Structure formats: C-alpha cells, structure tokens
Amino acid sequence: MRFSRLCALALVLVGVAGATGQTTAPADWPLRIRPVDSPAGADSGQPQMTVSPRGVLLSWVERAGATATLKFAERTATGWSPAVTVAAGTDWFVNWADIPSVLRLDDGALAAHWLQKSGTGTYAYDVRLSVSADDGRTWAPSFSPHHDGTQTEHGFVSLVQMPGAWLGLVWLDGRHGQTRTNTGHGRTPTNTDEHGPRMNTEKHGPRMNTEKHGQGAMSLRFAAFDRSLKQVADVAIDDRVCECCPTSAVAIREGLLTAYRNRSEDEVRDIHVARYETGRWSPPAPVHADNWRIAACPVNGPALSARGRAVAAAWFTVKDDAGHAFVAFSDDDGRTFGTPVRLDDYQSTGRVDIELLPDGSAAVSYLEVTERGGSQFRVRRVDRSGMRSPAITVAGVESGRTSGYPRLALHGSELVFAWLARDRTIGVRTAVAALP
C-alpha cells in the first residue's frame, strides 16, 4: 500500500482515534528487511524465538515419518549457527499453535520444552522439560513441571528466566476435566501437524479458527525451578481460562508478568495479565475491555515485551464480525495499560509478536488480511502516543493454520523474523533488519 494511501486512510480513521488510539498520520520507519538463509530443514515448522544476552535463539520442529525432532540455532555475527538437536520422539504432540521452545538462561544453560502424549485420548499430553549445561551437546533426562497424573491437556507453555530462582514457566492445564470437540477449524489432534484446511472467507472477512469445548475448565498454572532443578513453585494463576490460546510471559523488575486469554462464565474471552511479585500472583486483570463474547477458542494468544517498568502488550480480538490486532503500553510493570492502538489497516488474523525498542516505541508483528483476500506477515512501529509507521510486509503467507505463528525478536540493533513458508515443501524462513 502506497504512503499516500496510508495517509488518506489515517484521515478517515481520525473520527475513531479516541476508540483505537490511532493518530491521524503515520511516522516514517525506513526498515529494510533482508532475507537470510534459514538453519531449518525443508520439512520444518513450529518456529519459536527467544532472546538472551548472547543473542536470538531460533527453535523449530523437523519431521521424518512419525519422528518429530526439536532443533535450535543461534544468531551470530556471521549468520545462524549450525542446527543442534534437543530431543526426538514418535509419541510427541506436534501442533501448529502449541509450540515447543528453547531458552538460554542467564548462566548460559539451555532449557527446552516439548509435548509428549500421555494416553490414547486426542488431547492427552504432558509438558516435558530438559536442560543442557554444554550448549546443547548433551541434555538431562526430561521431566514434567506438573504432577496431577491426569491424561489431559498440558501445553501452550511460556518459558522465562525466573528472577530470584532460575527457570519459570506458565502453561494451560486441563487437569480439571477439560474435554474438547474439534470443529474442523481448530487445533490438530494428531502427532504430526496438519496443514489444512484453509481459512474460509465471507463478505465480512476471514472466519476465525475456533474450537468448541465440553465440560470442565482449563486453568493457567505456574512452576519454577532453581539451578539444581528443585521445583520451588507449582500453583494456579487462574482457574478458568480460554482452552487453546498461546500464553506469554516476561520478566519485570520485581518478578514476572504473564498474559493470556481469559474466559468468563458468560464466554467473554479478553486478554488478561497477572503479576508474580514477592512470591505471589496478583489477581488477573484485563489489558482492555474488548468484551469479545465467543463460545469457542479462537486459538490466538497475546504477546508481551518489557524494558524496566515499561511493558507493551499485543493481542487479537473481533468486533462487528471483523478481526483486528492491537497494542497497548504500560508504565507500571503491567498494572495498567493505556488506550489500545490498532495495528492492521483492513483486517487481521492476529498471531502477534512484539518487541519494545530502545526509544520506548514497539515493533509489532501480525497477520494482515488484505482487501483482496490475501494474507501478509507484517510489522510496524508504534510509539507511546499512538503514532504508527506505515506497515511493512515481511512476507506473503498462506491463510489459516498453514501460516502457523510468525515470530519477531530483537537483539541489540537487529530485528529477526521467522515464519512458515509453503512452496514445494514446508519450511521455516528467516529475515533480519537493522533498526533505523
């Protein structure tokens, strides 16, 4: 979309600036995105990125027949390091939205998680954790952060460096009897990730991927481990949450902040946050009262980024049958957030990611649905006043689950992008951009 058209669009939107936080004109952001060779193999998916003082770490899953293998590489001054294998199995739960990860901790150790089937039920699977003290050459026997023993869903994990301990994580936990009925547009109930069906489109835009649910309630739980791998915490944060939206967690000055999609008794599923301070979790609070009522899970989680006391949150919601992505800022460790700023120009299918920049603004990525019906992985800069840069397209992607969850990360002055491409084979692609 040309700059002049963006300006015209912004003028049209001035009447709703109070509701969306959008300003009347975009600020220029001359970001130049450069594709770089990906360390992932051809039949790869489930990209995830984490950041440590050493740099950006990219992890992904490669498949060969019934075997799934978790691998990772780190971004260096000369490109991606050679791929390193974490673990492999034929009994894994591999899914387009419930994604494994690898995190480098402050002492240089690596922590990884994946999902392993625990029974014959479609969604009977456990979180498995492992650590490495030698850059991934060897890995300790895997273990689980939950001990309920139920053959139910445990997933959508966010690993985080734990202030005052070592490794922290939050996850969705189905031990209270959550059951699930797949509608055909939700998550993949197999040990290999399915890549159809495509998203249906209607005159009001894309129909969201959703999944209906049965009895019971999904909970959000937290665990922490010290450097000896002794578990020092295992508690519930929220006893009723949306059943299959990814979570997010970041370290803040005095503890942790997590964001997730809540679920009220009358099926309002807005994004909430909770803070872990002085050994306790605060009562959950909404980032914004979107009041999105939907009797199914949209499979669309939030993203967080923090610097000092500043926090930025990005998320997806639907209003008047149209999907949109938003960002909001906090100056008090996520206790309160300002007016949301809309990210998309037409409509969005969400799948957001976010990084706070050194100047206090945020780089936010999301999937844009264009007026012609295509889907694009885009990024734009938003400052705390609500000023938005023109949207920059990283790559065209397929609609629906086939595009997975694109990723954004920042280390130093370099932004790193990862997404799932479909040409002759499935494969994780990467690109970088120097901050202007």
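Is Asp43 buried, partly exposed or exposed?

Modeller: In this predicted model, Asp43 is partly exposed, with a relative accessible area of 38%. Its side chain forms a salt bridge with Arg63, where the closest N and O atoms are 3.7 Å apart. Because Asp43 sits in the loop between strand 1 (34-36) and strand 2 (44-52) while Arg63 belongs to strand 3 (residues 55-64), this pair ties together parts that are 20 residues apart in sequence. Arg63, for its part, is buried, with a relative accessible area of 12%.

The side chain of Asp333 meets that of Arg253 in a salt bridge of 3.6 Å, N to O. Asp333 lies in the loop between strand 25 (322-330) and strand 26 (341-342), and Arg253 in the loop between strand 18 (248-252) and strand 19 (255-261), so parts that are 80 residues apart in sequence are tied together by the pair. Arg253 is partly exposed, with a relative accessible area of 49%.

Asp333 also meets the side chain of Arg309 in a salt bridge (3.6 Å, N to O). Since Arg309 lies in the loop between strand 23 (303-307) and strand 24 (310-319), this pair ties together parts that are 24 residues apart in sequence. Arg309 is partly exposed, at a relative accessible area of 36%. Asp333, Arg253 and Arg309 belong to a network of salt bridges that also links Arg275, Glu277 and Arg335.

Notes
Residues are numbered from 1 along each chain as its sequence is written. This is a predicted model: local features need pLDDT of at least 70, side-chain atom pairs count only at pLDDT 80 or more; totals for chains, interfaces and linings use all residues. Side-chain values use heavy atoms; hydrogens and water are left out. A salt bridge is a side-chain nitrogen of Lys or Arg within 4 Å of a carboxyl oxygen of Asp or Glu. Helices (H or I, at least four residues) and strands (E, at least two) are DSSP runs, numbered from the N terminus. Buried means under 20% relative accessible area, exposed over 50%, partly exposed in between (1.4 Å probe, protein chains only).
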